[in-house]
Amino acid sequence: MKKILFASALALSILSCKQNESGNAAVAENAVDDTDSSLKGSFESGRNENMIDKIYSELIKKDKKLKELDEKLVKLNEENRKVLATYEDILYKSESFYQDAHFQATNVKDSLLKQQLEKEIKISSDNYNQKISKVKELINKVNTNNDHITNLYTAFKIRKALPEIEKYQNAHPMKTNNLESFIKKQDQLLSELKNIK
């Protein structure tokens with residue numbers, strides 16, 4: 001008896017869901033409904049596929065200017081990585097050298113030799129830091145500009161996506177009829193189950 005009641009409850013659930021799906025079939029098309037298609041190219045979309053990037057990706061497909069802007073930002077972002085990578089490698093190797101040199105100098109047992117080594121390492125390190133101060137300043141400027149570009153583009157994408165999500169919400173009004181009807185069916189079944197002896 002319990003198996004029959006469970007089976008009928010399951011059937012009611014499935015029927016109710018199918019009725020709800022068919023009610024949404026004639027919905028206006030918008031960028032949000034199309035977000036299930038693949039994301040390609042959009043700046044930062046490789047990092048995480050969130051709804052903003054998905055909606056914006058759909059908008060790009062329909063707007064040539066948005067596509068050109070996105071391609072420009074993707075290209076600039078790739079160039080940014082390449083430019084910084086060249087400097088980062090040189091900086092990393094030089095800084096690693098001075099760290100290793102300092103560490104190995106501390107292991108020297110002869111105190112006079114140790115002092116001379118540490119002095120030579122410090123002079124070389126200070127000279128190098130002076131030499132690259134302008135480079136570090138410019139790298140910081142590149143990183144600051146990149147952050148600013150990313151922030152402005154994120155704000156731009158959100159502003160472009162807001163009307164689309166509102167269109168989507170208006171095209172998919174969430175009426176309570178199906179839920180209320182289904183709850184009545186659940187309540188009837190609950191009542192029957194409580195009264196079974």
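In the predicted model, the side chains of Lys 167 and Glu 164 are joined by a salt bridge, with an N to O distance of 3.1 Å. Both residues belong to helix H4, where a spacing of 3 residues places Lys 167 and Glu 164 about one helical turn apart.

A second pair is found in helix H4, which spans residues 111-171. Here Lys 122 forms a salt bridge with Asp 126, and the closest N and O atoms are 3.0 Å apart. Lys 122 and Asp 126 are 4 residues apart, a separation of about one helical turn. Asp 126 has a relative accessibility of 38% and so counts as partly exposed, since this value falls between the limits of 20% and 50%.

Helix H2, comprising residues 51-62, contains a further pair, Glu 58 and Lys 61. The closest N and O atoms of this salt bridge lie 3.0 Å apart. Glu 58 and Lys 61 are 3 residues apart in helix H2, or about one turn of the helix.

In total, the model contains 7 salt bridges, among them Lys 167 with Glu 164, Lys 122 with Asp 126 and Glu 58 with Lys 61.

Key
Residues numbered from 1 in each chain as written. Predicted model: local features only at pLDDT ≥ 70, side-chain atom pairs only at ≥ 80, totals over all residues. Heavy atoms only, no water. Salt bridge = Lys/Arg side-chain N within 4 Å of Asp/Glu carboxyl O. Helix = DSSP H or I, 4+ residues; strand = E, 2+ residues; numbered from the N terminus. Buried < 20%, exposed > 50% of the residue type's maximum accessible area, 1.4 Å probe, protein only.
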